[in-house]
Structures are given as structure tokens and as C-alpha cells.
Amino acid sequence: MSQSHPRISKAVIPAAGLGTRFLPATKATPKEMLPVVDKPAIQYVVEEAVAAGLDDVLMVTGRNKRPLEDHFDRNYELESALEKKGDGERLAKVQESSDLATMHYVRQGDPKGLGHAVLCAAPHVGDEPFAVLLGDDLIDPRDPLLKRMIEVQQEHGGSVVALMEVAPEQIHLYGSAAVEATEDADVVRLSGLVEKPSREEAPSHYAIIGRYVLDPAVFDVLSKTEPGRGGEIQLTDALQQLAADATLGGPVHGVIFQGRRYDTGDRGDYLRAIVRLACEREDLGPDFRTWLQRFVTEEMQQR
């Protein structure tokens, strides 16, 4: 029988990373502000949260992240200039980011890992379930993963993570989950989690990707979690404790995602994400696809 659980209204977006893989571009620009076509990556993530009904967004930032706050704030000088020019289309785009959601910010301080970043959200979240969205993973809006995860959490309680099946040689890049089937084909129950295991140690080929819906009990577990892999407080380690003992904060389920995901945390995948999204844009796609096809079939063959 379906149970009633508190409505989820808050999203937490950890955004304190240094973006070292994108240096020197991220020396003075937060990696979350790197453009994916014509919007910064972080705006796609906030839009996803809002589309899932989460209109209260806390961003966990760090040093040199002020541009994130500026992007989601009003820019009266720019808006006034566009209005005077009669450029209503660009004015609407500028205002869109500041009208998306109620934004809040907290600084992580020391970079102690994802688990510590989530723990920084405890005073804002309080005693209610919440979502965590990592900015490196962009989920196509046509594949509403977060909405499905919220549905599962509302039915079962506890916490829910997003899973995607990956090639065995890639599992060391992710957290990996041991899973048990449920009555729903896309939902599994997690019996164990391991952070970035070797191919031989991985309990399955199901990788944890950057979407979580968490029970607030995770805060108490995180506060007692010792630094793990890389000397950081790992969210995966806290979820492992919750999965092993449901009395701590309910069960841990996983939603198996088979939709479109764009990984912007890797330079190659970042470029591929831009190409894919640009090709699908109605305003850019036709001309861009024609150029891309000519570039691949003609110019690249001459090199």
C-alpha cells in the first residue's frame, strides 16, 4: 500500500568544486558557468529541479563562485539597456534565470567532499526529504528522471539514487550499487554501495549518477562518517550505512535511468554534449547539422 510522506520542495546543488580538469578556463570562471551552447551548465540543473516541482534551491558554493550568485540575480543595468533597444527576446532570456526559483547560497569552506557539501545544507533543509543534483550531469528534460525519483521516494520513503548501467571498464569512475529487484522494472532496492571500486570489486555494473532524493536522516549519518576514498567525506559511504540498516532512515532504492544524459565533467563529453544539444535546437540545429556533416565527411577526410 502506498504511504504518505512529506512533500519534497527543496533542492541542493553542490557547486564548490575547483574544476581543475578545465584549467585554465576555470582559473577565474566557475566550471558551472561554462556555457553549454548559450546557457551555463548550472542553469540546466536549476531548470531541472524547478521542472520537478522543487522551487527552493540551495547552492553549496566556495571561493571564487560569486558569478553563480550574480547569474541568478537581477542585472538591472543590462535589462535596462536591452529594454531601451527594444530587444525583448534577449531581455526575456536574461530575466529567465533570475525568475526560475528562490535561490539560497552557503559556502562549504574546506573542500572535504560531496558528503561534507551535502552536510552543509542541513540547517537549510531541516527535517524533510530533499533532492541533490550534481552539476556535472545534465539530464535531458524529455527524460524526467528526478520526477520519477520523487515518486519512488513518496511511495517507499527513505532515500533514492539514480542508477545507470555502464561498461565494466568504466565502473571505477563511479559509485557502484548492489541491487535487488522490486515489482517495478525501473526500481531496485540497494543492499550495498561502493565508491569508485575496481572492476573486480564492483558489486554490479550499475553506476550512481548525479541525482539523489535523500531522507534527512542522512545528515546524522554524514556527521559521523569518517573520511573515505581520497580523504573526503563520501556521500556513498553514508548511503551504504542507510542501505545496511533501514532503521536509520528508511530503505535506499534506485531508479534505473535509460534516458539521455550529458556528462559535462569531462572535456570530451562536455564537447559532445554541446554538439548534441546544438544539433537538436530548432534555431541552430538545421544549419549546424549541415555544417557538421560537411566538416566530418569533407574537411576531416583531408587531414
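Guide: A disulfide is a pair of cysteine sulfur atoms within 2.5 Å. With that rule, a search of this whole structure finds 0 disulfides. Before we go on: this is a predicted model, where local features need pLDDT of at least 70 and side-chain atom pairs count only at pLDDT 80 or more, while totals for chains, interfaces and linings use all residues. Residues are numbered from 1 along each chain as its sequence is written, and side-chain values use heavy atoms, with hydrogens and water left out.

Visitor: Is Cys-120 buried or exposed?

Guide: Relative accessible area decides that: buried is under 20%, exposed is over 50%, and partly exposed is in between (1.4 Å probe, protein chains only). Cys-120 is buried because its value is 18%. Cys-279 has 15%, so it is buried too.

Visitor: Which residues of H10 are buried?

Guide: An α-helix has 3.6 residues a turn, so residues three or four places apart point the same way. In H10 the buried residues are Tyr-270, Ala-273, Leu-277, Ala-278 and Cys-279. They pack against strand S2 (35-36), helix H1 (41-51), strand S13 (261-263) and helix H11 (285-299). Arg-276 also belongs to H10, but is partly exposed, at 41%.

Visitor: With which residues is Glu-79 in contact?

Guide: Contact means heavy atoms within 4.5 Å. Beyond its neighbours within four places in sequence, Glu-79 touches Arg-74, Leu-91, Val-94 and Gln-95. Glu-79 sits in helix H3 (residues 76-85) and is buried, since its relative accessible area is 4%. Its side chain makes a polar contact with that of Gln-95, at 3.3 Å. (A polar contact is a pair of N or O atoms within 3.5 Å; within protein, one must be able to donate a hydrogen and the other to accept it, and residues adjacent in sequence count only if both atoms are side-chain atoms.)

Visitor: What about His-116? Where is its place?

Guide: His-116 is in helix H5 (residues 114-119), and with 14% relative accessible area it is buried. Setting aside neighbours within four places in sequence, it contacts Gln-108, Asp-110 and Ile-233.

Visitor: Now the backbone. Where is the cis peptide bond?

Guide: A cis peptide bond joins Leu-23 and Pro-24, with omega about 5°. Pro-24 is in the loop between strand S1 (10-14) and S2.

Visitor: And what is phi of Asn-64?

Guide: Near 65°, a positive value in a residue other than glycine. Asn-64 lies in the loop between strand S4 (56-61) and helix H2 (66-71), and is exposed because its relative accessible area is 59%. Lys-196 likewise has a positive phi, near 45°; its loop runs between strand S10 (187-195) and S11. At 36%, Lys-196 is partly exposed.

Conventions: Helices (H or I, at least four residues) and strands (E, at least two) are DSSP runs, numbered from the N terminus.
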